[in-house]
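Subject: Structure for your review

Dear colleague,

Please find below the structure that I am handing over to you. I would be grateful if you could read the notes that come after it alongside the coordinates.

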Amino acid sequence: MKLKDGFEVTQEDNGLYVARAVGDRAAEYPQAIQMGLSGAFLWDLLSQGDCSRAELIMRLEGLFDTEVSTDQVAADVETFLTFLRQQNLLEEDV
């Protein structure tokens, strides 16, 4: 799966990351999407190309210095993917 093209992510002064549609996508997705570091990390991976759920979990686990269970990371990844699906932002048959 991968993200649809046409989005730009910036880091705001408050530390959050904001994805905004640009160009032709702006009319289709007028609202900005706020996310934290984990969401921005997953967004970046998905925007680079095809990633499996397992790869996203493995890569996100590597982001944390502290002990975070694989189950918790998997649940967080699934929550993020569910949100992206609800917003029709994922291409899953790539």
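This is a predicted model: local features need pLDDT of at least 70, side-chain atom pairs count only at pLDDT 80 or more; totals for chains, interfaces and linings use all residues.

Salt bridges

The structure holds six salt bridges in total. One of them joins R25 to E28, with 2.9 Å between the closest N and O atoms. Both residues belong to helix 1, which covers residues 25-28, and they are three residues apart, or about one turn of the helix. E28 has a relative accessible area of 44% and is therefore classed as partly exposed, since that class lies between the limits of 20% and 50%.

A second pair is found in helix 3 (residues 53-63), where R59 and E55 are four residues apart, again about one turn of the helix. Their side chains form a salt bridge with an N to O distance of 3.8 Å. R59 is partly exposed because its relative accessibility is 36%, and E55, at 28%, is partly exposed as well.

E78 and R85 form a further salt bridge, in which the closest N and O atoms are 3.2 Å apart. The relative accessibility of E78 is 27%, so this residue counts as partly exposed. R85 falls into the partly exposed class too, at 33%.

Packing of helix 2 and helix 3

Two packed helices are described by the angle between their axes and the distance between the axes. For helix 2 (residues 37-48) and helix 3, the angle is about 135° and the axes lie 11 Å apart. Angles over 145 degrees would count as roughly antiparallel and those from 65 to 115 as roughly perpendicular, so the two helices are oblique to each other. Their crossing is right-handed.

Which residues of the two helices meet? On the side of helix 2 they are L37, S38, F41, L42, L45 and L46, and on the side of helix 3 they are L56, R59, L60 and L63. By type, the residues of this contact comprise eight nonpolar, one polar and one charged.

Yours sincerely

How values were computed. Residues are numbered from 1 along each chain as its sequence is written. Side-chain values use heavy atoms; hydrogens and water are left out. A salt bridge is a side-chain nitrogen of Lys or Arg within 4 Å of a carboxyl oxygen of Asp or Glu. Buried means under 20% relative accessible area, exposed over 50%, partly exposed in between (1.4 Å probe, protein chains only). Axes are lines fitted to C-alpha atoms, for helices over the stretch in contact, and angles run from 0 to 180 degrees between N-to-C directions. Angles under 35 degrees count as roughly parallel, over 145 as roughly antiparallel, 65 to 115 as roughly perpendicular and the rest as oblique. A crossing is left-handed if the near helix is turned anticlockwise from the far one by less than a right angle, and right-handed if clockwise. Contact means heavy atoms within 4.5 Å. Ala, Val, Leu, Ile, Met, Phe, Trp, Tyr, Cys and Pro count as nonpolar, Asp, Glu, Lys and Arg as charged, and the others, Gly among them, as polar.
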